[in-house]
Amino acid sequence: MPRSVGARVLRHEDPRFLTGQGTYVDDVQLPGLLHAAFVRSDHAHATLLGVDAAEARAVPGAHAVITAEELEGEVAPIRALVGTPGYQECDMPALATGKVRFVGEPVALVVADSRYSAEDCAAAVRVGYEPLPVVLEIADALADGAPAIHEEVSDNLYNSFETSTAGIEKAFEDADEVVELELTQQRYGAAPLEGRAAIAHWEAGQLTVWLSSQVPHIARTGLAKFLGLAESSVRVISPDVGGGFGPKCVVYQEEVALAAASRRLGRPVKWTSDRSEDLLTTIHGREQIHRVRAAATAEGRVTAVSVEILASNGAYAPWPFGAGLDSGMASENVCGPYDIQLYERDVKAVATNKAPMGPYRGVGRVMACLTIERVMDELASRLELDRLELRRRNLVESFPYETATGLVFESGDYPRSLELLAEAIGWEQTSAEDEGLGRRGRLRGLGVACAVEHSSYGPQSLGSRKMEMTFGYDSAALRVEPDGTARLALGLHNHGQGHQTTMAQIAADELGIDPAKVEVAYGDTDSAPYGAGTWASRSTVYCGGATVLAAGDVREKMLAIAADMLEASAEDLELGGGRISVRGSRARGVDFEAVARRACHQPDLLPDGIEPGLESTRRYEAPDPGSFSSAMHAAHVEVDPGTGEVTVLDYAVVEDCGTIVNPMIVEGQIQGGVAQGIGGALLEHLVYDERGQLVTTSFIDYLLPTAMEVPAIDIVHLESPSPNTLGGWKGMGEGGAINAPPAIVSAVNDALGRLGIPPASHTPLTPEWVVEQVRAHAPEARMEAR
Amino acid sequence: MKPPVFDYHDPETVEEALDLLAEHGDEGKLLAGGQSLVPLLNFRLARPENLIDLNRLGSLTGIRREHGSLQIGAMTRQSTMEHSALVAENWPLLTEALSYVAHAQIRNRGTIGGSVAHADPAAELPVAFSALDSRVRVRSARAERTIEISDLFVTHLTTTLEPDELLVGIEVDPVPERTGHAFVEFARRHGDFALGGAAVLLTLDSSGSCERAAIALLGAAPIPVRATDAEQALVGAAIDEKAIAAAADAAIADISPTGDIHGSAEYRRDLCRVMVRRAIAAANRRAKGEPEPESSNGVID
Ligand SMILES: Cc1cc2nc3c(=O)[nH]c(=O)nc-3n(C[C@H](O)[C@H](O)[C@H](O)COP(=O)(O)OP(=O)(O)OC[C@H]3O[C@@H](n4cnc5c(N)ncnc54)[C@H](O)[C@@H]3O)c2cc1C
């Protein structure tokens, strides 16, 4: 029987989405529904003098104006607990209390008949502020005597730690080459098509929250905790979610305040963020500074890396992950796919008066990749080696390979990946052509970036972060109905990953049926088995593993029943094509449905010792420390020296995520990730002005790449199954976003290098930056008419 | 992002619309394609008490040639003009300018009159109409008048239209023989408002020298501006690299664009020079009937 795993099965969710039949939180209508709007701080840092709601309460349609004062005793501040040494926790009140710490922070919640009147009402709330000095840049936050953003967070350091491998100094002393670079990365974010949205409905002592969330169970835990409720009296329903990318993994102030409002008013209350609110307050990503030193031999072998990592974590630490995530994960991955055993890091997560920073596709690792890839390019240029050759000399070659930070790459073929990448982009020929064009004034360049993607973190790996919860397992509940339909309920969520399809494929293969016969459910904490949702590329390994286990139980039972029906021995039977039959003789078999019917409807005919029904719920713990996909990207760009425009002409990716469940879905993940990476490299920037006002509060100014800015991507698959995970899978949802910025930086540097322009070590590479470089280093190239 | 309360009117005749305008004056706002106005309402940057919807006024739509001149009804959709063979053949500068306006979906709603009346200095059509020395036809309950495009724009989002006046159409004179056109701009993404651009019309004499030049700049000032010094520098000259460079330098001599996060004033000024160079070169090529060069990345939707 052809297996479904590995096939390009069309996505089961697409007919619903493509015909506008999806149900998002904003589509949910309830009797008596009220609408919320938030009064938000327009100061980056200020003492709150008072909130005057008298005029607002008189606005037609207004039901309530709720301030922090009114929530006192009703809700507890959100507080991410992190027990690692060097970490400092802080409170995040549901509504600003005492002072405000970033522009957009919710100060009061307004409830009205419609969103229109809610906004009228919010506009009538008067808030008094006494401005405090604003701390925006990392350097300002770390300066002596810098204003404290939180009393509890001394030196504005949420997190600070150092590690060092013995012998590293000697490696620097003995080095033939030492590369030193400072790299900077802007703030940018996920900007999902569907912004955040929630409906809170308090009814008969029970809270139901429809939430655009990647993590319904985790959200339930958080909401229960901050509202002082038992976890079992809270139900979270995350219906279709229009993109998550990380920021919908945390519990936000608005959600807690909204639930408190519903409890107070006894009516359901909806809040759908508008684009400005989303850009202002939904977790931002990135914004790091790395200062790296790398030691190397004359042959180009990197022997040691030392890095200082600084992250601008903004005004609060998101729950439940805390503020140590980006910088910590960056620091684990700086050495990339390269064999560098001597490593030292000094890591700081810094409080600033900007929106909180937290999980966004490729957490921390985008910057880690930029850092090591810039080191590689720099070294190649100094040693006059081809950039691919230099990397080849440093790649990890044998597996398992334990890194300097304790990660264990379990399988792969990195040199082969690089070879395939060179073929896919036509490295040698394109380089030669670009050089020729360069002599005629056309600036084209090639770039490369390689990364290993740590995914599906194992329980010990997560446990070492000492958070409130260790999300080290996930669940699958499989039930075969009497008609042979398999119903699979999972602890994951699905917001673009195609889990409704891939999980059906996995279950279908275990049961020998068509994936169309598998219905996949998730997202409702009342019906889905307990799980940690979808983030960190965990779901295929975690829920796929649990599905294999649950489906295996059901399969064994069905084989036993079929054996009885066929008067054969279970060992001689096989499943496939919707039948259970004697191996090699399809005719001597029974239909899958017939076995299902017997198990559910005819207990009298079941063999002794077989309990009726076909159901199993299983948990799966991913292997520690996780699974490790590799991705190698090459970009080909053209730079216009007159305008500074960078056009991505071609893009190639070699991805190895172990056994592939559905190549089309893997390719979709890569496409989307690369698009976000192109945004990060060239366009996207959450810009604050000197007073801490976010300037980019709409899609006029926050520039997401569109289909016009993203080239077709040539994707090559390599499959090195993981020996550790069930199914051989490795998570892979983030690699696209990780490698693309460094690959494009590398390509732009190659192109501009033709004019003698020193290489960039930052993103985004804006038209203005390009033009400044050309004007400074090669003014004659400016005016070439094209 | 919801507008404050307003009253909505949807007149069926121009006369009715004019009466409503006369009645509400400063408190009334005309709604054409809504592609600029509705965002302003939702951001509460505009708070009119009355919206007067022009979408039922069929008499304001359509593209015709009358006595050689182009007549465009104010409510003509941008996409209609984009696909007009009459325009493409005789006023190709307009067709080229439209290819840079926003995205197809927006051009399906956005109108020619709305774009002109909105007076965004980064909008393409006002710049193209400036290069073409167009006129706008305006009516109120009081009177009817024609305004030269050079007298229309006052500053960013402001025109010389009175609060009770309706822009009913735009007139463009025929373009002389041996004229080459070019509309060139640079935006950070395809379809965004440009950081800078230029519209150029060059008419050559039989010897190939420049007989007449029109150069209008996009994003160079709070309104579309004509680079008259640069135009004069070209007239009578053979269009070579040197002449182009001199004209481009002259074009930006007096401009001071406003900078923002996408490009400083300095960057934009310099960009205008690059755009003028490229536009003159392209218009010259076209005037001479030379083939179009292979474009490196100019994908246009
Ligand atoms: C995402 C996006 C991108 C865009 N990009 C571009 C771009 O790159 N280039 C560009 O040029 N435009 C761009 N636009 C704007 C678009 O072209 C608008 O359609 C145009 O500017 C206004 O036309 P409208 O018909 O939509 O006018 P409306 O939005 O309805 O009205 C605009 C203004 O003009 C007034 N008005 C309209 N018609 C008349 C009339 N007949 N008489 C008097 N006053 C009138 C209105 O009262 C209002 O003040 C973009 C819009 C969007 C949403």
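# Briefing: a predicted model with chains A and B

V292(A) stands opposite V307(A) in β18(A). That pair belongs to a predicted model, in which local features need pLDDT of at least 70, side-chain atom pairs count only at pLDDT 80 or more, and totals for chains, interfaces and linings use all residues. Residues are numbered from 1 along each chain as its sequence is written, while chains are lettered from A and ligands numbered from 1 in the order in which they are written. Helices (H or I, at least four residues) and strands (E, at least two) are DSSP runs, numbered from the N terminus.

**A sheet in chain A**

- Strands β17 (residues 288-296) and β18 (residues 302-314) of chain A pair in the antiparallel sense over 9 bridges. Pairing requires that DSSP finds at least two bridges between two strands.
- Helix α11 (residues 365-383) of chain A packs on the sheet and touches β10, β17 and β18 of chain A. The direction of α11 makes about 140° with that of β10(A).
- Helix α10 (residues 325-333) of chain A lies across β9, β17, β18 and β19 (342-351) of chain A. Helix α10 runs at about 170° to β19(A). Axes are lines fitted to C-alpha atoms, for helices over the stretch in contact, and angles run from 0 to 180 degrees between N-to-C directions.
- The strand order in this open sheet of 5 strands is β9-β19-β18-β17-β10 (chain A), with mixed pairing.

**Domains of chain A**

- Chain A is assigned domain 1 (18-23 + 34-132 + 191-281), domain 2 (284-459 + 624-781) and domain 3 (473-620). These bounds come from an automatic or database domain assignment.
- The C-alpha centres of domain 2 and domain 3 of chain A lie 40 Å apart.
- Their contact takes 20 residues from domain 2 of chain A and 18 residues from domain 3 of chain A. Contact means that the C-beta atoms of two residues, placed from the backbone, lie within 7 Å.
- On the domain 2 side, β22 (443-455) and α19 (663-683) of chain A each give two or more residues.
- That side has 8 nonpolar, 9 polar and 3 charged residues. Ala, Val, Leu, Ile, Met, Phe, Trp, Tyr, Cys and Pro count as nonpolar, Asp, Glu, Lys and Arg as charged, and the others, Gly among them, as polar.

**S455(A)**

- S455(A) lies in strand β22 of chain A.
- S455(A) is buried, because 25 other C-beta atoms lie within 10 Å. The cut-off for buried is 20 or more such atoms within 10 Å, with C-beta atoms placed from the backbone; 12 or fewer is exposed, and in between is partly exposed.
- Beyond four places in sequence, the contacts of S455(A) include A536(A), R538(A), G626(A) and K730(A).
- G733(A) is 278 residues from S455(A) along the chain, and their C-alpha atoms are separated by 8.5 Å.

**Where the chains meet**

- The contact takes 26 residues from chain A and 22 residues from chain B.
- On the chain A side, α4 (115-123) and α21 (767-777) each supply at least two residues. The most comes from α4(A), with 4 residues.
- The chain A side divides into 10 nonpolar, 5 polar and 11 charged residues.

**Around the ligand**

- Of the 30 residues around the ligand, G33(B), Q35(B), G110(B), G114(B) and A123(B) come nearest. A residue is near a molecule if its C-beta atom, placed from the backbone, lies within 6 Å of it.
- Elements giving two or more residues to this shell are β2 (28-31), α7 (112-118), α8 (124-131) and β10 (166-172) of chain B. The largest share, 5 residues, comes from α7(B).
- The shell has 16 nonpolar, 11 polar and 3 charged residues.
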